[in-house]
Amino acid sequence: MNRFSRGSSDVAASGDDRGQLVLVSGAVVVVALLTLLVVHAQLGFAGVTETAEPPPLDDIVETTEDAVELATAGVAGRYDWAERDAAVADFRSRLNPALTNVERARPGGVALTTNDSAASGWALRNCPDGPSREFGPCVADDGVVVQERAGETTVVAVLVDVRIATPRSRTDLTVAARPN
């Protein structure tokens, strides 16, 4: 049924025409929402694949060595050999937060821990000695190797276990970080 108004050439829409218009509008909204849902799902999936790659091992080792260097600078020349336990504790208080920062800076599964048994073995095999050197004994304490030099405690190495884990692989490495 169509109605005509007097003096006007406009045609008023019937109830059936309005229903069809509402139905078409609803279909357009549904298509738009489905498109947004698909795009959102694709963007979310792309973010997951980025973290599946392991962080570069060389970067982690280099950053760990830098952390050892900075922690060593804070204790160098401050402790006599008799105070080596205090020197190691001071060194660890500087190193541990730096290792935590290295772990947090790398997305994914990166874990860094000092290795006392590896440090003991390293001290037996690698501590500088000999007739032309006047160095004292080396001691491994909680992954830190210290040596008596000129009556002072000197950090000569730190043995750090590096573990990198991803959903597809796991890498374990022990690094002997030697300050300059």
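1. Basis of the note. The model is a predicted one, in which local features need pLDDT of at least 70 and side-chain atom pairs count only at pLDDT 80 or more, whereas totals for chains, interfaces and linings use all residues. Residues are numbered from 1 along each chain as its sequence is written, and side-chain values use heavy atoms, with hydrogens and water left out.

2. The chain as a whole. The secondary structure comes to 4 helices and 7 strands, where helices (H or I, at least four residues) and strands (E, at least two) are DSSP runs numbered from the N terminus. Read from the N terminus on, the order of these elements is β-β-α-α-α-β-α-β-β-β-β. Of the 180 residues in the chain, 28% are buried; here buried means under 20% relative accessible area, exposed means over 50%, and partly exposed lies in between, with a 1.4 Å probe and protein chains only. If one takes the contacts (heavy atoms within 4.5 Å) between residues at least 6 apart in sequence, 54% of them join residues at least 24 apart.

3. Strands S4 and S5. Two strands are said to pair if DSSP finds at least two bridges between them. Strand S4 (residues 138-141) and strand S5 (residues 144-149) run antiparallel and are joined by 4 bridges, and Val 139 has Val 146 in S5 as its bridge partner. The two strands form a hairpin with 2 residues between them, and Asp 142 in the turn has a positive phi of about 55°.

4. Strand S6 and its partners. S5 and S6 pair in the antiparallel sense over 6 bridges; Val 144 has Val 158 in S6 as its bridge partner, and Glu 148 stands opposite Thr 153 in S6. This hairpin has 2 residues between its strands, and Ala 150 takes a positive phi near 55° there. S6 also runs antiparallel to S3, to which 6 bridges join it, with Leu 112 standing opposite Val 162 in S6. S6 and S7 pair in the antiparallel sense as well, over 8 bridges, and Ile 164 stands opposite Thr 171 in S7. The hairpin that S6 and S7 form has 4 residues between the strands.

5. The nonpolar cores. In soluble globular proteins, nonpolar side chains tend to be buried together. A nonpolar core here is a set of buried Ala, Val, Leu, Ile, Met, Phe, Trp, Tyr and Cys residues joined through side-chain atoms within 4.5 Å. The largest such core has 25 residues, of which Phe 91, Leu 95 and Val 158 touch the most other members. The elements that give two or more residues to this core are H2, helix H3 (84-105), strand S3 (109-114), S5, S6 and strand S7 (170-177). Thr 64 is found in helix H2 and is buried, with a relative accessible area of 1%. Apart from residues up to four places away in sequence, Thr 64 touches Leu 99, Val 102, Leu 112 and Val 160. Asp 142, by contrast, has its place in the loop between S4 and S5 and is partly exposed, with a relative accessible area of 39%. Leaving aside neighbours within four places in sequence, Asp 142 is in contact with Arg 92, Thr 114 and Asp 116. Asp 142 and Asp 116 are 26 residues apart in sequence, yet they are 4.8 Å apart in space, C-alpha to C-alpha.

6. The largest pocket. On a 1 Å grid over the protein atoms alone, a pocket is an open set of points, where a 1.4 Å probe fits, with protein on both sides within 12 Å along at least five of seven lines, and lining residues have an atom within 4 Å of a point. Grid points are joined across faces, edges and corners, and a volume is the space filled by probe spheres set on the points. About 180 Å³ of space lies in the largest pocket, and of the 14 residues that line this pocket, the closest to its centre are Arg 149, Thr 154, Val 155, Val 156 and Pro 179. Helix H2 (57-75) and strand S6 (152-165) are the elements that give two or more residues to the lining, and the largest share, 5 residues, comes from S6. The lining divides into 6 nonpolar, 5 polar and 3 charged residues, where Ala, Val, Leu, Ile, Met, Phe, Trp, Tyr, Cys and Pro count as nonpolar, Asp, Glu, Lys and Arg as charged, and the others, Gly among them, as polar.
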